[in-house]
Amino acid sequence: MINIKDLSFSYGQTIALKDVNLLEEEPIIVGLWGRNGAGKTTLMKLLSGQEKPDTGQILIKNLSPYNNSDGMKYISYLQENHPFSEFWNVNDALRFASYFNENWDQDLAEELVERFELPRRKKIKSFSKGMQTMTTMVIGLACKSPITIMDEPTNGLDAYMRKVFYDALLDTHEEHPRLFILSSHHIDEIEPICEKIAIVDRQTISLYDETEKMKMLGIILTGDASSIEPLTGRSRILDQRKLGNQMSIMLDEPFNDEWISRAAHLNINIEKAPLQDYLVNITKRNKEAKRK
Ligand SMILES: Nc1ncnc2c1ncn2[C@@H]1O[C@H](COP(=O)(O)OP(=O)(O)OP(=O)(O)O)[C@@H](O)[C@H]1O
C-alpha cells in the first residue's frame, strides 16, 4: 500500500527528512509520533502528493502521488485547520467533499454528523475549534479512501468527544478496513487503537514496529545504587535520579524475563517505563541525552 524508499526532502537549506524508509502493505491503523519539528507534517505532505521528494521515492499502491491524479485518488489527507469556505455549513462541506471522493459514503457521513452532535445549518466558521476538527474528521471517515492520513485528529476535542471519535474510527475501520495514519504528540491516547507506531526522529523514521512490541521497551530500575550501577553495563541510560544511596534509572532495554529475574536476584524494583516517557527519552536531542 505504502512503500517509501530512501526518501529525502529539504526546504532550501533545512533538511526536513533524510533516508526515510517504510513499507506497509496492510490496512491497519498506524500512529505517527515525533517531537516538534521532527518531520511528521513534511512526511504527510509527501505522502499526499503536496510535495515532491528530492531523492528516493514514495509509492502509493505502486503509483507516485506527486502530480498524479491516479495515485492521489487512493489517499486522503485531513490537515489541521482544514480550509472550509466561510460561507459553508456542514451540509455544504459534505456535498463538496462528496464531489472529490469516489468512495464517498453519504449514509456514513450523515450518521457521523449525528454521532458528533454537529449542527447542520450553522456556518462552520462560527464553530468552536473542536467542532471544526469533528467536521474535518467526518469527511476523513466518510471518504473511505484506502489510505487516510489524519493530522492531530483530536485537536481541540474534549475527553468525551475524543472517545466518540475513536469509537467511530474503530467502527468504520472494522466495517471497511483501510490504512489509517494518525499523527499525534500524545502517544498514550493513540496507542490503544494503533496496531503499529512509526517514530519520526532526527529527520527520519527511527522506529517502526508493532505497538505491543514497542510497549515492552524501556525499563525503570529503582533501589540501592550499589546494586543497580553494576547492572547498567553497556545499556543506554535514558534517565536517572539519585537521592543518597537510592537510585532510579531508565534503561533502553526490553521489559523481559531476563531483566525481571536479574532485578529480583538483586532485590531491585523493576517496572516498565511508560511508553510516552520512553519515547521522549530516546528522542532527546544530543546535548540532552545522557549516555553511558
Ligand atoms: N515551509 C517550510 N519552510 C522551511 N522549513 C520548513 C517548512 N516547513 C517545515 N520546515 C522545517 O522542516 C522541519 C520539519 O518540520 P515539520 O513541520 O515536518 O515537523 P513536525 O514533526 O510536523 O513538527 P510539529 O510536531 O511541530 O508540527 C523543521 O525543521 C521545520 O522547521
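The model is predicted, so local features need pLDDT of at least 70 and side-chain atom pairs count only at pLDDT 80 or more, while totals for chains, interfaces and linings use all residues. Residues are numbered from 1 along each chain as its sequence is written.

**The chain as a whole**

The chain holds 11 helices and 13 strands; helices (H or I, at least four residues) and strands (E, at least two) are DSSP runs, numbered from the N terminus. Along the principal axes, the C-alpha atoms fill a box of roughly 70 × 45 × 30 Å. Of the 292 residues, 35% are buried. A residue counts as buried if 20 or more other C-beta atoms lie within 10 Å of its own, as exposed if 12 or fewer do, and as partly exposed in between, with C-beta atoms placed from the backbone. Among the contacts with a separation of 6 or more, 66% are between residues 24 or more positions apart; a contact means that the C-beta atoms of two residues, placed from the backbone, lie within 7 Å.

The domain assignment gives domain 1 (2-213) and domain 2 (217-282), with bounds that come from an automatic or database domain assignment. Taken over C-alpha atoms, the centres of domain 1 and domain 2 are separated by 36 Å.

Strands of a sheet pair through backbone hydrogen bonds, either parallel or antiparallel. Here two strands are said to pair if DSSP finds at least two bridges between them.

| Strand pair | Sense | Bridges |
|---|---|---|
| S5 (75-78) and S6 | parallel | 4 bridges |
| S6 and S7 (179-184) | parallel | 5 bridges |
| S3 (29-34) and S7 | parallel | 5 bridges |

Strand S7 has 6 of its 6 residues buried. Leu179, Ile181 and Ser183 point one way from S7, while Phe180, Leu182 and Ser184 point the other way.

**Around the ligand**

The residues around the ligand are Tyr11, Thr14, Ala16, Gly34, Asn36, Gly37, Ala38, Gly39, Lys40, Thr41 and Thr42; a residue is near a molecule if its C-beta atom, placed from the backbone, lies within 6 Å of it. Strand S2 (14-24) and helix H1 (40-47) are the elements that give two or more residues to this shell. H1 gives the most, with 3 residues.

**A buried leucine**

Leu112 lies in helix H4 (residues 106-115). Leu112 is classed as buried because 25 other C-beta atoms lie within 10 Å. Leaving aside neighbours within four places in sequence, Leu112 is in contact with Val138, Leu141, Ala142 and Ala168. The C-alpha atoms of Leu112 and Met137 are separated by 9.1 Å, although these residues are 25 apart along the chain.

**The antiparallel sheet**

Another sheet is open and has 4 strands in the order S11-S12-S10-S13, with antiparallel pairing. Strand S11 (237-243) and strand S13 (269-272) are the edge strands, each pairing on one side only. On average, neighbouring strands of this sheet are turned by 20° against each other, direction ignored. S11 and S12 (residues 246-254) are joined by 6 bridges, and Arg241 has Ser248 as its bridge partner in S12.

Two helices lie across these strands. Helix H10 (residues 257-265) lies across strand S10 (217-224), S12 and S13, running at about 155° to S13. Helix H11 (residues 275-282) lies across S10, S11 and S12, running at about 105° to S11. For these angles, axes are lines fitted to C-alpha atoms, for helices over the stretch in contact, and angles run from 0 to 180 degrees between N-to-C directions.
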